[in-house]
Amino acid sequence: MHSLTEVCFFLNGIMQEKSLISLHLARNSHSAILSSILAVDLQKKLLVLDYGINETLNQMALKSGMLRCVTSHNRIRIEFDCNNLQHIRFEGRNAFSADLPTSLKRLQRRNFYRIATPVANPATCVIPPLRQHEEVFLTLNLLDISRGGMALIDRPDTDAPLEAGMTLEHCRIELPEFDTIETTVRIVSISMAILSNGNTCSRIGCEFVNLSEKSGTLIQRYIIWLEQQARKFDTKSHF
C-alpha cells in the first residue's frame with residue numbers, strides 16, 4: 001500500500017485500537033521494543049511511538065535510526081518501516097518520532113482477495129425492506145469487496161435492525177462503471193470502523209450465499225479494474 005492517505009488511515013486505526021507494535025531493530029532480529037502509536041501527524045508527516053522500557057534497546061534503535069514495525073489491525077498482520085528515528089518528549093513523557101511510512105504491507109490470509117472500494121464513486125448495496133409492511137429500501141455504501149463477500153458502512157442515522165447471523169435475500173449490489181448483481185448475503189460480523197476522515201461507523205461484514213458464477217466473474221473484473229485505477233493514480237502522483 002503506497003497511498004499516503006491509506007497508510008494514515010490504517011495507522012490511525014491501529015492507534016485507536018491501542019494495538020501493541022513490535023519495533024524490530026533489524027529485519028531478521030529477535031530483539032524488539034514493545035510499543036504503540038501515540039500520534040499520526042499528517043501535516044508534519046510524523047509518526048510518534050511509545051518509548052520502550054529497555055533503555056539499552058532504545059539507544060540501539062536510536063543509533064540505527066530505523067525500525068521494522070509489526071502489528072495487527074482487524075486480525076490482519078501489518079508491517080511497515082520507520083526511518084529517521086528520534087528521541088522526543090511527547091505530552092510530558094519520552095517517545096520516539098519517525099517519518100511517516102511511505103508504504104505499508106497488509107498480509108491477508110483469506111480465501112479471497114479483498115480490495116477497498118472508492119469513496120468518491122462508491123459501490124452500493126440495496127437491501128429490501130427488513131420489516132413486514134415496509135416499503136423503504138436500505139442503501140449502504142461498500143467499504144471493501146471480494147469474490148467471497150463485502151463490508152458495508154452503516155450510517156449513524158440508520159435504524160435498520162441489522163444483526164450478525166441475518167440472511168438478506170435479493171440484495172442488489174451496484175458496481176459503478178460495471179453492472180448490478182442480485183444475490184443473497186449473510187451478515188457475519190458487525191464491528192466499529194474508522195473512516196479516512198476520522199469518523200467512526202459500523203462495519204457490517206457479509207458473505208455471499210450461493211453467488212452465481214456470472215456474478216462472481218463480474219466482481220472479479222470490478223476488483224481488477226479498481227487495482228488498475230489505483231495504479232494509474234499512483235503513477236500520476238509521482239510526476
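This is a predicted model: local features need pLDDT of at least 70, side-chain atom pairs count only at pLDDT 80 or more; totals for chains, interfaces and linings use all residues.

Tutor: Start at Asp 50, whose bridge partner in S8 is Ala 95.

Strand S3 (residues 37-41) and strand S4 (residues 46-50) run antiparallel and are joined by four bridges. Within this pairing, Ala 39 has Val 48 of S4 as its bridge partner. The two strands form a hairpin, with four residues between them. Lys 45 sits in that turn and has a positive phi of about 55°. In general, strands of a sheet pair through backbone hydrogen bonds, either parallel or antiparallel.

S8 leads on to helix H2. Strand S8 (93-99) is one of the elements that the buried residues of H2 pack against; S2, S5 and strand S7 (86-90) are the others. Which residues of H2 are buried? They are Leu 57, Asn 58, Ala 61 and Leu 62. Seen down the axis of H2, these residues fall within an arc of 135°, so they line one face of the helix. An α-helix has 3.6 residues a turn, so residues three or four places apart point the same way. Thr 56 and Lys 63 are exposed, and they lie on the face of H2 turned away from its buried side.

Look at the two ends of H2 as well. At its start, a side-chain oxygen of Asn 54 comes to within 3.0 Å of the backbone nitrogen of Thr 56. Just after the helix, Gly 65 adopts a positive phi of about 85°.

Five strands make up an open sheet in the order S2-S1-S5-S6-S9, with antiparallel pairing. Strand S2 (32-35) and strand S9 (105-107) stand at the edges with a single partner strand each, so one side of each has no neighbour in the sheet. From one strand to the next, the twist averages 25°. Inside the sheet, strand S1 (residues 21-24) pairs with strand S5 (residues 66-73) in the antiparallel sense, over three bridges. Leu 23 has Cys 69 in S5 as its bridge partner. Helix H2 (residues 55-64) packs on this sheet and touches S2 and S5. The direction of H2 makes about 100° with that of S2.

Helix H1 (residues 4-17) lies across S1, S5, strand S6 (76-83) and S9. H1 runs at about 70° to S5. Cys 8 is one of the residues in H1. Cys 8 counts as buried because its relative accessibility is 6%. Beyond its neighbours within four places in sequence, Cys 8 is in contact with Val 40, Leu 42 and Leu 100. Cys 8 and Pro 101 are 93 residues apart in sequence, yet their C-alpha atoms are 8.7 Å apart in space.

How many disulfides does the count give? It comes to zero disulfides. Take Cys 82. Its closest cysteine sulfur is in Cys 69, 3.5 Å away, which is too far for a bond. Cys 82 counts as buried because its relative accessibility is 0%. Then take Cys 171. Its sulfur is 4.5 Å from the closest cysteine sulfur, in Cys 125, again too far for a bond. Cys 171 also counts as buried, at 0% relative accessibility.

One further strand is worth a stop. Thr 124 lies in strand S11 (residues 124-127). Thr 124 counts as buried, at 13% relative accessibility. Leaving aside neighbours within four places in sequence, its contacts include Thr 139, Leu 140, Arg 172 and Glu 174.

The protein chain has three helices and 16 strands. Of its 239 residues, 41% are buried. Among contacts between residues at least 6 apart in sequence, 57% join residues at least 24 apart.

Terms used. Residues are numbered from 1 along each chain as its sequence is written. Side-chain values use heavy atoms; hydrogens and water are left out. Two strands pair if DSSP finds at least two bridges between them. Axes are lines fitted to C-alpha atoms, for helices over the stretch in contact, and angles run from 0 to 180 degrees between N-to-C directions. Contact means heavy atoms within 4.5 Å. Buried means under 20% relative accessible area, exposed over 50%, partly exposed in between (1.4 Å probe, protein chains only). The arc is that of the directions from the helix axis to the C-beta atoms. A polar contact is a pair of N or O atoms within 3.5 Å; within protein, one must be able to donate a hydrogen and the other to accept it, and residues adjacent in sequence count only if both atoms are side-chain atoms. A disulfide is a pair of cysteine sulfur atoms within 2.5 Å.
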